[in-house]
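Keep the viewer open as you read.

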Amino acid sequence: MNGKENLAKDNRGVTLTEMIVTFALVGIFMAAAVSVISSAIVTHSELTASMYAQSVGEMLLDKVTGELAAARAGEEDFILIGDTARLGGTEGNGAAFCDRDGKLVVCLVEDGLLRFRYWDAEESLNESNFPQNEWSFDEKAYMGFRITDMQIHKVDEKNVLEINVKIKNLKTGFEYSTSRCTRCYNFKSDGDYQRITEDNSL
């Protein structure tokens, strides 16, 4: 009999205080969980944006440095670095040079996209004559980024150039900067070095 009486006495339910404490603890745990999840989402987004930006930056630098490194260095050949605005450039500066085949090439940024324009002869390098060919990456390759600035500079008195590129994601606003140096391996003598020049009147 005593067991049944004790069971009946213990069957009292939950008090208001216990419910309040329980709900408070659940609220604290949920707030902590939301904070952790939000932080994880932000971190993941930043890492993803950084990974995409690094991939796009490396793609752009690979192309620019590869073309400049292989520029021809014959007696009449040159690398001219400067403002490309009158040739259609809109962000930063670019370079004009002679490629492996002796064609005049202008590397520039137009509306956030890297472009290479090809002329047959040096004298046709002006705003009134259109290039014969133009090359650029497909817009999908940029993964939502655009170039906001490109700077090319000579870093010594010989044949080393530094290329700096800044890109920005159009949707998220994430910005990324990267740079790389390249050696123009066909320019080997003092006379060659003098034909790698910086001139804002490009």
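## A look around the model

Thr178 is buried, since its relative accessible area is 13%. This is a predicted model, so keep that in mind throughout. Thr178 sits in strand β8, which covers residues 175-183. What is Thr178 in contact with, leaving aside its neighbours within four places in sequence? The list is Gly57, Glu58, Leu61, Ile163, Asn164 and Val165.

Now for the overall layout. The protein has three helices and nine strands. Read from the N terminus on, the elements go α-α-β-β-β-β-β-β-β-β-α-β. Of the 202 residues, 38% count as buried. Among contacts with a separation of 6 or more, 53% are between residues 24 or more positions apart. The protein exposes about 12200 Å², and carbon and sulfur atoms supply 54% of that area.

On to the inside. In soluble globular proteins, nonpolar side chains tend to be buried together. The largest nonpolar core here has 34 residues, and the members that touch the most others are Leu60, Ile79 and Leu114. At least two residues of this core come from each of α2, β1 (79-83), β2 (93-98), β3 (104-110), β4 (113-119), β6 (145-154) and β7 (160-169). Helix α2 gives the most, with seven residues. If you pick Leu114 and skip residues up to four places away in sequence, you'll find that it touches Leu60, Lys63, Val64, Cys107, Leu108, Trp135, Ser136, Phe137, Tyr142, Ile147 and Met150. There is also a second, separate core of 10 residues, and Ala96, Cys98, Val106 and Leu108 are among them.

A word on the cysteines. Cys98 is buried, at a relative accessible area of 6%, and Cys107 counts as buried too, at 1% relative accessibility. How many disulfides are there, if a pair of cysteine sulfur atoms has to be within 2.5 Å? The count comes to zero.

Charged pairs next. The structure holds 10 salt bridges, and the table picks out a few of them.

| Salt bridge | Closest N to O distance |
|---|---|
| Lys63 and Glu67 | 2.9 Å |
| Glu134 and Arg115 | 3.4 Å |

Arg180 counts as partly exposed because its relative accessibility is 24%. Asp62 is partly exposed as well, at 45%.

Lys63 and Glu67 are another matter of geometry. Because they are four residues apart in helix α2, about one helical turn separates them.

Glu134 is partly exposed, with a relative accessible area of 41%, whereas Arg115 counts as buried at 15%. Salt bridges that share partners join Glu110, Arg115, Arg117 and Glu134 into one network.

Val21, Leu25, Ile28 and Phe29 make a nonpolar surface patch of about 410 Å². Leu25 lies in helix α2, residues 16-69, and this leucine is partly exposed, with a relative accessible area of 42%. Residues need over 30% to join a patch, so Leu25 clears that cut-off.

Finish at Gln194, in the loop between α3 (190-193) and β9 (196-198). Gln194 is exposed, with a relative accessible area of 63%. Which distance separates Gln194 from Asn159, C-alpha to C-alpha? The two are 9.1 Å apart in space and 35 residues apart in sequence.

Terms used: Residues are numbered from 1 along each chain as its sequence is written. This is a predicted model: local features need pLDDT of at least 70, side-chain atom pairs count only at pLDDT 80 or more; totals for chains, interfaces and linings use all residues. Side-chain values use heavy atoms; hydrogens and water are left out. Patches are made of residues with over 30% relative accessible area and no salt bridge: like charges are joined within 9 Å, nonpolar side chains (Val, Leu, Ile, Met, Phe, Trp, Tyr) within 5 Å. Accessible areas come from the Shrake-Rupley method with a 1.4 Å probe; for residues, only the protein chains shown count as cover. A salt bridge is a side-chain nitrogen of Lys or Arg within 4 Å of a carboxyl oxygen of Asp or Glu. Buried means under 20% relative accessible area, exposed over 50%, partly exposed in between (1.4 Å probe, protein chains only). A disulfide is a pair of cysteine sulfur atoms within 2.5 Å. Contact means heavy atoms within 4.5 Å. A nonpolar core is a set of buried Ala, Val, Leu, Ile, Met, Phe, Trp, Tyr and Cys residues joined through side-chain atoms within 4.5 Å.
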